[in-house]
Amino acid sequence: MWEATFILAIQQIASGLIIGAMYALMSIGMMLILGIMTVINMAHGEFYMLGGYFCYFVMTKLGVSYLAALPLSMAITAGVGIVCEKATVRPLVGRPWYSSFLTTFGLSMILRDTAQIIWGVDPLEILSPFSHKRVVIGPVFLTQHRVFVFLAGVVVIGLLYLFIKKHKVGMAMRAMVRDREASALMGINLNAMNSFTFALGAGTAALAGGLLGAIFNVLPSMGELPLVKGFAVVIMGGMGNVQGILFSGLILGVAESLAASFISLGLSDAIAFAILIIILLFKPAGLFGKRI
Amino acid sequence: MIMPRRKFLLLSGLILILILLPWVLQATYTRHILVMALIYTFSAMGLNVIFGFTGQAAFGQPAFFALGAYISSLLALKLGFPFGMCLVGTLVLSAGFGFLIGYPSLQLRGIYFGITTMAFAQILYYIVSNWVDLTRGPMGLVGIPPAGFGYGDSFRIVFDNELKYYYLVLAAALLALFFLARLMETRLGRAFVAIRENQELSASIGIHPFWVKMIAFMLACMITGMGGSFYAHFVKFVSPIEFQWYNIGLTFIMVITGGIGTIWGPLIGGAIFTVLPEVFRAVETYRNILVGAVLILIVIFFPEGIMGKVVQWRERRRQTALERKNA
């Protein structure tokens, strides 16, 4: 009995880590957009949704393999992200931060309902080549696809970390978090950087959508929960801190899937926010937080 | 409140129009929309207190509307409270929830305050949808009794049709508006605005930002919750859908369209953005797309809102009059 509980717990931790990696992937983009542009991107969940749909259609319409469809759908969604930034965020320079919250909120309504009109409300299933093969690690059973999702998430976040730390553009991004005016004086093109940040955020969200679309399904309203979870992770991780986001995402994923099997399935979604509030009460700068 | 003659005439004219409006629009459907517009005005008024006057963008406010609706219906259904008691209970409990949620959230500022209130709104949603024993979960609460006041059977008014309910909600909305108008002329009201303009500076002249913001937040929760209570006893059905995201953006856009931090703004904005989705109902499939587009356009091109424009116009007129006098 005790042993069975233990094995269940380990199994839940494993699947929590996988979901957690995806939460982290969602939140990275939201954190960058929030930190660099001071924009709460309410349409981020819709980029996640578009990623899933584009992945599905690139695979079924063009007959491309899953591994090639993922970067393609990332690129298309990044393009959509650039257009959206130009239309809804660019005109608001110098306005209070809630202005862009509202325009991206409107954008999210438009994108979601457009998707619903074009593609209908029926869930679509992305077929991953790894879906039906099993991986056994000790007492834990997983599909190959879930392992792939976890690895892809962690690798992409690691690459982003290196990019932001080492690359010239990443350094410019960090400079913009510190001081927009000063970085403009140093010759950083703010508009181009904003477009790039949005494209990066949309692309990573699309990757999460394409990866998770093969585990769950693709449907127009799929972005809502990842969006709110994403905000929880951003606050938990503390701003301007890529590794913090990864760890917070993983912690949240594990806490949720443990809560789902040991407390209540329905309330597991509320766990994120309960954790969030506890952290805010005791460590307002986030778990890993130096706040910029 | 001493007011200039012209303002007095304008106000009485506006109130007269509001009183006569349901006689111009006599169909049950249009009267229903009129009542809904007034009910959502409470949501906008509440948000206007914390966001418009005090400058703290709270994204949880629409959840307090749903919470108020649930509190009021549960008081009526489980405890058999009469409507008046439900309303008072909703006000007290909304203030209580406002305190519990405001205490951790108001430690933070700006965006972080906003996101925290959003998190609380989500928690409330999950609790309400999962606590099936109390709230019947996603099935919602049905059979909420209509609003009525009175003692026994002989002295009893029941607001059982659209017209009666319109006057009930109108009276409450006007009361709330006049209360707010008065409040904004007191020390406390000016403290709200001082914090919006500059929190550090206001702290330096002896205003305690945390507690003043707390009062504004609790007040906002009470006004919004009151709207929820009116909603529950009018529609007679509440479900967790009232908590949905859509309402957060809509409430904000009501406040902005009306004019941020103006007394009458929320009434105007609330009316416009209750009627507009109904107009777009003719093209049901595209409704959210149209509302979303209008939202974006208003924020980009019309951020002062209607009352904000009126204030600007009045300022400009005063300026030119002054210049003419000096010349």
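Helix H1 of chain B carries a kink of about 30° at Leu18(B), shortly before the proline Pro22(B); the bend at a residue is the angle between axes fitted to the seven residues ending there and the seven starting there. Helices (H or I, at least four residues) and strands (E, at least two) are DSSP runs, numbered from the N terminus. The model is predicted, so local features need pLDDT of at least 70 and side-chain atom pairs count only at pLDDT 80 or more, whereas totals for chains, interfaces and linings use all residues. Residues are numbered from 1 along each chain as its sequence is written, and chains are lettered from A and ligands numbered from 1 in the order in which they are written.

Turning to the interface, 31 residues of chain B are in contact with 35 residues of chain A, contact meaning C-beta atoms, placed from the backbone, within 7 Å. Helices H5 (110–130), H11 (246–258) and H13 (287–301) of chain B each give two or more residues to this side, and H5(B) gives the most, with 12 residues.

As to confidence, the mean pLDDT (the predictor's confidence in each residue, from 0 to 100) of chain B is 82. The model scores ipTM 0.83 and pTM 0.85.

Key: Contact = placed C-beta atoms within 7 Å.
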